[in-house]
Amino acid sequence: MKRVKIYTDGACSGNPGPGGWGALIICGLNEKELCGVEGNTTNNRMELMSAIKGLEALKEPCIVDLYTDSKYLAEGMTRWMSNWIKNNWLTSEKKAVKNKELWLKLCELAERHEISWHWVKGHAGDEYNERADKLAASLCKKTDDDS
């Protein structure tokens, strides 16, 4: 299996408001940048979309190191998911899990790959995290300017 790194980030101007997501995929010496935008969304949805779109771009099962500065995304996948599923998509406070449809899509995509989830501190000088942030934030800003 190929080994790839995916750096992801989401941004939102207002919360909710116009949002953008960015993903940087690195495989050996090859890099691919992906980004997208939504008109009225939340930061958490954009964080999830960045991971979804990054994983969707992989054409075959891979060993993936996925880096995010979102504790919501990282902890959701590594700590909370099993309890959400066991508790029929209810949080520990017995409330419906927000963004369930995106979490389900992310779970479906994650099953195809061997993924290690890594949290990195945002805006702390990690070159690739900064690039993913720039992809997401520039689209978010552009959407905000266009409205």
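**View 1. Strands β1 and β4 pair in the parallel sense.** Seven bridges join β1 and β4 in this predicted model. Two strands count as paired if DSSP finds at least two bridges between them. Helices (H or I, at least four residues) and strands (E, at least two) are DSSP runs, numbered from the N terminus. V4 stands opposite V64 in β4. Six bridges join β4 to β5, and these two strands also run parallel. Here V64 stands opposite I115 in β5. Six of the seven residues of β4 are buried, so the strand is largely enclosed by the rest of the structure. Buried means under 20% relative accessible area, exposed over 50%, and partly exposed in between (1.4 Å probe, protein chains only).

Residues are numbered from 1 along each chain as its sequence is written. Local features need pLDDT of at least 70, side-chain atom pairs count only at pLDDT 80 or more, totals for chains, interfaces and linings use all residues, and side-chain values use heavy atoms, with hydrogens and water left out.

**View 2. The structure holds six aromatic pairs, among them Y7 and Y67.** Rings of Phe, Tyr and Trp (its six-membered ring) pair if their centres lie within 6.5 Å; planes under 30 degrees apart count as stacked, over 60 as edge-to-face and the rest as tilted. The ring centres of Y7 and Y67 lie 4.5 Å apart with planes at 10°, so the pair is stacked. Y7 belongs to strand β1 (residues 2-12) and Y67 to strand β4 (residues 62-68), 60 residues apart. Both Y7 and Y67 are buried.

**View 3. W80 and W84 form a tilted pair.** Their ring centres are 5.8 Å apart and their planes at 50°, so the pair counts as tilted. Both lie in helix α2 (residues 71-86), four residues apart, about one turn of the helix. W80 is partly exposed at 30% relative accessibility, whereas W84 is buried at 8%. Y72, W80, W84, W89 and W103 make up one aromatic cluster.

**View 4. The largest nonpolar core has 31 residues.** A nonpolar core is a set of buried Ala, Val, Leu, Ile, Met, Phe, Trp, Tyr and Cys residues joined through side-chain atoms within 4.5 Å. Residues with the most contacts inside this core include I6, L55, V64 and L73. Contact means heavy atoms within 4.5 Å. Leaving aside neighbours within four places in sequence, L73 touches residues including T8, L66, W103 and W117. A second, separate core of six residues includes L24, Y67, V120 and A132.
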